[in-house]
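These are my notebook entries on a structure that I am reading for the first time. I record what I looked up, entry by entry.

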Amino acid sequence: MASVDLALATISFKRKIAYKTTWLFSVLFGGWSLLAGLAVWSTLIGDGELGGYDWQAMKAYLIIGFLTSTLAWAGSDWEMANRILDGLVAIDLTKPVDFQRARAGEYIGGMVASLPAAALGTAAAVLAFRPAGPDSALAAVLTAVSVLFIFPLAFGINYLSVLNCFVTQRYLGIQWARDTMLAFFSGMMVPLALMPVWLQGVAWALPFVHFTTTPASIYLGRVDTAGALGLLAAQAAWSVGLWVVGRLIWSQLVKKVTVHGG
Amino acid sequence: MADPTRALTARHVGGVYGRSLLAQIRAITEYPADFWVMASAGVMWNVLQFAFLTVLFAAVPDVAGWRYHEMLMLSGLLTVAAGSTALLCDGIWSTGTYVLKGEIDYRITRPAPVVVQVATSHIGMQGFGETAFGLVMVVYGWIGAGLGLAAVPAGLLGVACAVVIECALITMLCAVTFWIKGNNSIFAFVMLDLQHNAMTLPLALFPAAVKIVTMFVLPVAFVNFVPVAVLTGHLGPWWLIGTPLAAVASVLAALGVYRLGLRSYDSSGH
């Protein structure tokens, strides 16, 4: 990583925590959806199981989903979007820094700012709800690697959604749509195992599935070691693929930039 | 006898609101691609919520006594309310940014309420898709749940109050950025998150504290849960009285908090 990437990430991190009260409340409120999910699934599963998940496994599944979604939704996507909507992107074009790479640095910096929320929330949830443990020590390690892939994957998906701002006037609706797709196809709203086969096929063909289903499947031993390594390879491939697609789309959309009507 | 000054003021405010919103609508017609992208984005949540409920009810017969079509109505009414806020007061989300940049300054000097000017500074085109598909979900759920035409007046009251409560609560929580500064209105986001996570499900699933908060502290339950529960017989009919009361209380609270926020506003750089 070049020093400029680190500098941009650091600035983004500091910007996130500059408004301390807002940041503190975002930490405190981050666990709400986890609590809602736990309340719902405890009622639905009871003493039985759904989709191969008993209550202990479902608790682990939801806590992993909380961890990954807290990280994924904490980047600087609004800052990226506002640069395009406000026209500041025109100034970025004059800078000797690659736009996508600079935004990646900022985005990752923003995600790092969410680490305390993610770590504290996850630790508190584990202590309070006592979920199932990892299937093995190797599964725990591979789960950690899978969670690390959330960083490039989250940037890739957010960057592609932000590029929509070249043809729209607002970002809020795009954000809701993307977050909903992520919540549904990642398996956060309802595990893929409960979906019909064709819908599972759709979900596995999209990158969102690697935000919850992949790390949770590895952690709970629903895939063997070879399967886990295959899922990690898929995460790596999506990380690269999203980066390349983002670059291709950028090269076309940037032609829409006009400065004072010129 | 009516006070002519108040009537004129109300007409003036209504006129400013209407003309500002009309200007936004005229502006968006200049960007058809923008409209279709955003309207499609608005439909996305509904489609996936539809899919979620369909998948869920393929595995379980009911959730805390609520059946598939009843829960469709629950999600649909929430979406109609949330989508309407995007159409009626989407600009209110920019309060935090305006406060940070000192852009409230010149709005204070103009002869119209600041909250109206800010609320109409944008229009969220995703609201068209959200509202339209939300209504489809409500009607589909309504028919599937076996509700007849006799319940339509109560349903219309529920929809009207849902829109008012949602707009008012989002305005109130966005006004928090006058004190807790930041570009993003984190409190309003949290409320929407709470609604999308919890208020699309029966309240019986949650602890008593959640029921108390969502009914009597931040009355989001009156947006969709209470009206649908009354219509489908999960709550007694007298609960419906609470819906317009919650709407009035929410509007008063929103205007009060926004006014207090403006009093504490000290422009940028101070």
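Which residue just after α13(A) takes a positive phi? I found that Gly221(A) does, with a phi of about 75°. Helices here are DSSP runs of H or I of at least four residues, strands are runs of E of at least two, and both are numbered from the N terminus.

**Entry 1: conventions.** I note that this is a predicted model, in which local features need pLDDT of at least 70 and side-chain atom pairs count only at pLDDT 80 or more, while totals for chains, interfaces and linings use all residues. Residues are numbered from 1 along each chain as its sequence is written, and chains are lettered from A and ligands numbered from 1 in the order in which they are written.

**Entry 2: helix α13 of chain A.** I looked up burial in α13(A), residues 213-220. A residue is buried if 20 or more other C-beta atoms, placed from the backbone, lie within 10 Å of its own, exposed if 12 or fewer do, and partly exposed in between. Eight of the eight residues of α13(A) are buried, so the helix is largely enclosed by the rest of the structure. Among them are Thr213(A), Pro215(A), Tyr219(A) and Leu220(A). They pack against α4 (55-72), α9 (137-148) and α14 (225-253) of chain A.

**Entry 3: helix α7 of chain A.** I checked the length of α7(A), residues 99-113. The expected span is 1.5 Å times one less than the number of residues. For the 15 residues of α7(A) this gives 21 Å, and the end C-alpha atoms are 21 Å apart, which agrees. The buried residues of α7(A) include Arg103(A), Glu106(A), Tyr107(A) and Met111(A).

**Entry 4: where the chains meet.** I counted a contact when two C-beta atoms, placed from the backbone, lie within 7 Å. On this basis 32 residues of chain A are in contact with 37 residues of chain B. On the side of chain A that touches chain B, α2 (20-29), α3 (32-45) and α11 (172-185) each give two or more residues. The most come from α11(A), with eight residues.

**Entry 5: chain B as a whole.** I found 12 helices and zero strands in chain B. The radius of gyration of chain B, taken over C-alpha atoms, is 19 Å, close to the 18 Å that the globule rule gives for 270 residues, so chain B is as compact as a globular protein of that length. That rule is 2.2 Å times the number of residues to the power 0.38. The C-alpha atoms of chain B fill a box of roughly 60 × 45 × 40 Å along the principal axes. Of the 270 residues of chain B, 48% count as buried.

**Entry 6: Phe35 of chain B.** Is Phe35(B) buried or partly exposed? I found 18 C-beta neighbours inside 10 Å, so Phe35(B) counts as partly exposed. Phe35(B) lies in helix α2 (residues 32-59) of chain B. Not counting residues up to four places away in sequence, Phe35(B) touches Ile28(B) and Met125(B). The C-alpha atoms of Phe35(B) and Phe206(B) are separated by 38 Å.

**Entry 7: Leu77 of chain B.** Leaving aside neighbours within four places in sequence, I found Leu77(B) in contact with residues including Val138(B), Ala162(B), Asn224(B) and Pro227(B).
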